[in-house]
Amino acid sequence: MTNLAAGCGTDAEIYKGPFPPTVHVDTRTGAPAAFYDLLDQLGLQRHTVQQGDQTLTFHTAPLQLDFDEQKRVATRAIPDLLLAGYKINCTPTVFDEPAYQQAAHDIRADKANPAAQGPAGEPSRPAPSRRTP
């Protein structure tokens, strides 16, 4: 198993996996725990695979969903990941433009609507993690 994100110089590569078609999110080796946690919070499922002395971590869209729904879940995560400062690449086979636009619209609406925040002004979305270049 190779790590596409590390090979491509991104934090995550989102692509169509092999049969049966599933949406995979490969994350770079050594990504911070906060990044994995954010992917979890955005509805992606974490998996780990032991390969020799190395543990590889990746995510998939929920496997019980059909492929079109998996694409929407993964695509809706992209704006939050970008806002958190992560470098993300998504193949055209997986990218769902309407889902992306809706997620971006929802983020803008949350920022514009103070009532969408929790007690004491806490944001309703998870706090973005910082990425050092």
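Me: What is the accessible surface of the protein, and what percentage of it belongs to carbon and sulfur atoms?
Reply: This is a predicted model, in which local features need pLDDT of at least 70 and side-chain atom pairs count only at pLDDT 80 or more, whereas totals for chains, interfaces and linings use all residues. Residues are numbered from 1 along each chain as its sequence is written, and side-chain values use heavy atoms, with hydrogens and water left out. Accessible areas come from the Shrake-Rupley method with a 1.4 Å probe, and for residues only the protein chains shown count as cover. On that basis the surface comes to about 7,600 Å², and the part belonging to carbon and sulfur atoms is 55%.

Me: Is Thr-75 buried or exposed?
Reply: Thr-75 belongs to helix α3, which spans residues 67–83. The classes rest on relative accessible area, with buried meaning under 20%, exposed over 50% and partly exposed in between (1.4 Å probe, protein chains only). Because its relative accessible area is 0%, Thr-75 is buried.

Me: Which residues does Thr-75 touch, not counting residues up to four places away in sequence?
Reply: Contact here means heavy atoms within 4.5 Å. Thr-75 is 22 residues from Glu-97 in sequence, with 7.9 Å from C-alpha to C-alpha. Under the stated exclusion, the residues that Thr-75 touches are Val-94, Phe-95, Asp-96, Ala-99 and Tyr-100.

Me: How do the residues of the contact of α3 with α4 divide into nonpolar, polar and charged?
Reply: From α3 the contact includes Arg-72, Thr-75 and Asp-80, and from α4 it includes Ala-99, Gln-102 and Ile-107. Ala, Val, Leu, Ile, Met, Phe, Trp, Tyr, Cys and Pro count as nonpolar, Asp, Glu, Lys and Arg as charged, and the others, Gly among them, as polar. The division is nine nonpolar, two polar and four charged.

Me: What accessibility class does His-47 fall into?
Reply: His-47 is placed in strand β3, residues 45–51, and its contacts beyond four places in sequence include Phe-58 and Thr-60. Since its relative accessibility is 23%, His-47 is partly exposed.

Me: With which residues is Thr-55 in contact, leaving aside its neighbours within four places in sequence?
Reply: Thr-55 is part of strand β4, residues 54–60, and at 46% relative accessibility it counts as partly exposed. With those neighbours left aside, Thr-55 is in contact with Thr-48, Val-49 and Gln-50.

Technical notes: Helices (H or I, at least four residues) and strands (E, at least two) are DSSP runs, numbered from the N terminus.
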